Structures are given as structure tokens and as C-alpha cells.
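Take a look at the protein below before reading on. Then we'll walk through its fold and a couple of its ring pairs.

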Amino acid sequence: MTKSYHIAVVGATGAVGTQMIQLLEEAATFKIKQVSFLSSARSAGQTLSFKGEEITIKEATPESFEGVDIALFSAGGSVSKQLAQAAVDRGAIVIDNTSAFRMDENVPLVVPEVNKSALKRHQGIIANPNCSTIQMVAALEPIRKKWGLKRVIVSTYQAVSGSGVTAIRELEEQSRAILDKELFTPEIMPVKGDKKHYQIAFNALPQIDVFTENDYTYEEMKMVNETKKIMEDASLQVAATCVRIPVVSGHSESVYIEVEKEIDVEQVRATLKEAEGVVLEDNPATQTYPQAASAVGKKEVFVGRIRRDLDHPLGLHMWIVSDNLLKGAAWNSIQIAESLIELELI
């Protein structure tokens, strides 16, 4: 008899929570006997549709997790820190989409195409990496396996949906105001909690999250530290510059890598063409390359513009694109749940 599972979504009304619910509706690899939609007290009492049934949203409390098998968290780090352990204590496995536990040495940080086996070490909580990290390591891991990996330098071009629905609304409102030659006051971007706010419409902001003491932002340091943890290589050299651009969804990345063995571009293309979860879109002759607009709504990571560095014999450049709300968040979380079931860890 096939087992069925009670799944809870914490942050059910948010941008990522909404995607999680849609993916659960489509899930074909495991059976769902019950869903619980959990949110703040403000959203409790509202209803959301799931497979034709209206489900009432409940306030997330420790008692909410009684009988839950898998709890998908995407309601902010403070909520995860407050409630994740309570969910584990009641028998649930927590898959957390926030940064709360990512660098905890007792918590696996997992991209299933890269380090699925790390799930075997879980102690109740599994962390979903940062969206920009996920798509990059998914594309780089097939290369690392064959040619090794010494250095990564990445510049990101990240969509405003990574900052939530209010950031999307601000982009839309600013764009209208500028086109209509009206005045506006930035209130959210680049970081709602920081001192200054700048225009995002028709602009590019080289700040995602607040700055750390070393002048890198927290987003940039997430990419550095998470990449090393996922690939289990503390000696890997990683540097990042993270930029917010006026795109609603779909993160793009310009990535330069240095490998350990002599590399052939055609072999790299062939390797990525066969890689799990990766789609190769790379033909300069036909102007074929990944674009954020065409990646939206798709679960894969798209790779193109693969070319040798002109000076370094082991250097390689590429362009990586993915839907930040799907592979970068909700879909990777669902894949982790599928992997737990596949590996009989639940």
C-alpha cells in the first residue's frame, strides 16, 4: 500500500507559498492525504483552493503541526526560528526556505541534483538554499564532477519577486509613474529595512540585502558560503556581486569559473545537455541563449553563452537563468520532499 502524507505549508499566502501549493496540486510522485495551510494571524480565516476544495488558513502555532509529516516553511526566518523545532518535536520533517538554518552545521543544505545524499544526515530540519545559489550550483555541479572546480566569480541580475509581492507592486507603480511623468517615492528597494530607498524601475541596484562588515552584502555572502557548503569544499574560491534589476521574475547570472583539468567547450555543452534539471540553450549562430522571460513558469535551470576565457586556459564563462520562485524556492523544496520519500527517510 502506497503511503500518503500530511503536508503543511507555512506562509501559504506569500509568493513562494502560493507556488508550493500549486506544485503540491500537481505532485505525482507522492500521495497527499491532507494539507494544512498556515500563516500569520492576519491571514487566518481566509481560504485557499486545493484540488477543488476550499481549505481554511490557520494561524501557525506549535500545535498546528500535530500529525504533520512534512512542513514546508516560507514565512520568513523569524517564523522558522520560532516554529521549526516545534514542528520537528511533533514528528514533522521541516523543509525551510529561509536563511535561518542554512549555515547550521547540523542542517543539510540541499539541491537534490547536487547533494541529495546529504539528506541522510538530517536531524529533522533541511534547509533550502538561496535562490541564486540553487541555479548556479545545479549548473556547475556536472562540470565540477568531470573537470573539478577551483574558482567561481558570479554577477547576478535578480528579479524583484525575490523581495516579495510588495516589491513587485513597487516596480509596477514606479514604471507607470515614470511613463506618466508623475512623482513617486521609493519605499522598498533595495532593502525595505535599510536606511535609504532607491528607484528600481528603469534602474539597476547593486545591493541585495544589507551590507556586512566586509562590504559584501548578505546576499553575496550567502552565495559564497552556501556554494562551499553544498559542494562540500571549503577551499573553493567564490566571489559574488548581486544586482537587483527591474524584472518581475527570473534570475540571471553571469558566471566565470576556473576548473582543474583541460576543458573542451563542446564537451561541456554535451555534459550539460545530459545533466539532470538543466536545459542547454547555447547557439550563437542562431542567437540562442537563456532569457528570464522564457524561463518563468519552468522548473529547469537554463545554461548558455558557454565560452572559453580569452586569457586563462582553464577559465570558462556562462550565462545561467532560472525562475527564482520555482527552482529557486518552491520547486527545490518539493524536490527535497520527493527525495526524502525516494530515499525512505520519512
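Here's a quick briefing, starting with where the values come from.

This is a predicted model, so to speak of local features we need pLDDT of at least 70, and side-chain atom pairs count only at pLDDT 80 or more, while totals for chains, interfaces and linings use all residues. Residues are numbered from 1 along each chain as its sequence is written, and side-chain values use heavy atoms, with hydrogens and water left out.

**Overall fold**
- You'll find nine helices and 14 strands here; these are DSSP runs (helices: H or I, at least four residues; strands: E, at least two), numbered from the N terminus.
- The C-alpha trace spans about 60 × 55 × 40 Å along its principal axes.
- Buried residues make up 53% of the 346 in the protein, where buried means under 20% relative accessible area with a 1.4 Å probe, protein chains only.

**Aromatic pairs**
- The protein has four aromatic pairs: rings of Phe, Tyr and Trp (its six-membered ring) with centres within 6.5 Å, called stacked if the planes are under 30 degrees apart, edge-to-face if over 60, and tilted for the rest.
- One of them is Y5 with F30, edge-to-face at 6.4 Å centre to centre and 80° between the planes.
- Y5 sits in strand β1 and F30 in the loop between α1 and β2, 25 residues apart, and both are buried.
- F37 and F50 have ring centres 6.0 Å apart and planes at 80°, so that pair is edge-to-face too.
- F37 lies in strand β2 and F50 in strand β3, so the pair ties together parts 13 residues apart in sequence; both residues are buried.

Terms used: Buried means under 20% relative accessible area, exposed over 50%, partly exposed in between (1.4 Å probe, protein chains only).
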